[in-house]
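Student: I have a structure open and would like to go through it piece by piece. Can we start with the helices?

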Amino acid sequence: MHAGDRILTIEGLAGGNGLHPIQAAFIECDAFQCGYCTPGQIMSAAALLDEPIERTDGAVREAMSGNICRCGAYPNIVAAVRAVQSAAR
């Protein structure tokens with residue numbers, strides 16, 4: 001179904017030898033625990049950064065609501081996204 005389409009995965013998100021800003025923010029903000037949901041959370045967050053959403057915790061929570069984290073790292077995930085949003089201003 002996606003022959004010829006460009007598909008970005010967690011492995012291709014980082015550029016060169018450095019991490020993507022959202023990957024670095026997840027580490028800095030301790031935004032993961034067991035790691036099970038981390039790739040999906042990071043990919044959703046990376047896509048979210050390109051969307052014209054309000055730069056508030058509530059808007060980030062709503063945009064990320066399709067990803068479930070059993071460990072409850074939501075506050076740190078929001079903090080990671082907000083850190084990258086703030087740095088991009």
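Student: Which residues of H3 are buried?
Tutor: In this predicted model, the buried residues of H3 are Thr38, Gln41, Ile42, Ala45, Ala46 and Leu48.

Student: Why are they on the same side of H3?
Tutor: They cover an arc of only 160 degrees around the axis, so they sit on the same side of H3. As background, an α-helix has 3.6 residues a turn, so residues three or four places apart point the same way.

Student: What do the buried residues of H3 pack against?
Tutor: Their partners are H1, H2, H4 and H5.

Student: OK, now H2. Which residues are buried there?
Tutor: Ile22, Gln23, Ala25 and Phe26 are buried in H2. These residues also span an arc of only 160 degrees around the axis, which puts them on the same side of H2.

Student: And which exposed residues are on the face turned away from the buried side of H2?
Tutor: That face carries Ile27 and Glu28, both exposed. The buried residues of H2, for their part, pack against helix H1 (10-13), H3 and H5.

Student: Which residues form the nonpolar patch on the surface?
Tutor: Leu19, Ile27 and Phe32 form it, and together they have about 280 Å² of accessible area. Leucine 19 lies in the loop between H1 and H2.

Student: Back inside, then. How many residues are in the largest nonpolar core?
Tutor: That core has 19 residues. Those with the most contacts inside it are Ile22, Phe26, Ala45, Val60, Met64, Ile77 and Val81. Helix H2 (21-28), helix H3 (38-48) and helix H5 (74-87) each supply at least two residues of this core.

Student: Which helix gives the most to this core?
Tutor: H5 does, with five residues.

Student: What does isoleucine 77 touch?
Tutor: Leaving out residues up to four places away in sequence, isoleucine 77 touches Phe26, Ala31, Gln41 and Met64. Phe26 is one of the buried residues of H2, and Gln41 is one of the buried residues of H3.

Student: New topic. How many salt bridges does a search of the whole structure find?
Tutor: The search finds one. The side chains of aspartate 57 and arginine 82 meet in a salt bridge, at 3.1 Å from N to O. The pair links distant parts of the chain, 25 residues apart: aspartate 57 is in helix H4 (residues 57-63) and arginine 82 is in helix H5.

Student: What is the relative accessible area of aspartate 57?
Tutor: The value for aspartate 57 is 36%, so aspartate 57 is partly exposed.

Student: What follows H2?
Tutor: Aspartate 30 does, and its phi is positive, near 50 degrees. This aspartate is found in the loop between H2 and H3. Aspartate 30 is partly exposed, with a relative accessible area of 47%.

Student: Last one. Where is glycine 72?
Tutor: Glycine 72 is in the loop between H4 and H5. Its relative accessible area is 38%, so glycine 72 is partly exposed. Glycine 72 and glycine 16 are 56 residues apart in sequence, and 31 Å apart in space from C-alpha to C-alpha.

Conventions: Residues numbered from 1 in each chain as written. Predicted model: local features only at pLDDT ≥ 70, side-chain atom pairs only at ≥ 80, totals over all residues. Heavy atoms only, no water. Core = buried A, V, L, I, M, F, W, Y, C linked by side-chain atoms within 4.5 Å. Buried < 20%, exposed > 50% of the residue type's maximum accessible area, 1.4 Å probe, protein only. Helix = DSSP H or I, 4+ residues; strand = E, 2+ residues; numbered from the N terminus. Contact = heavy atoms within 4.5 Å. Arc of directions from axis to C-beta. Patch = residues over 30% accessible without salt bridge, like charges linked within 9 Å, V, L, I, M, F, W, Y side chains within 5 Å. Areas by Shrake-Rupley, 256 points an atom, 1.4 Å probe, with all protein chains shown as cover. Salt bridge = Lys/Arg side-chain N within 4 Å of Asp/Glu carboxyl O.
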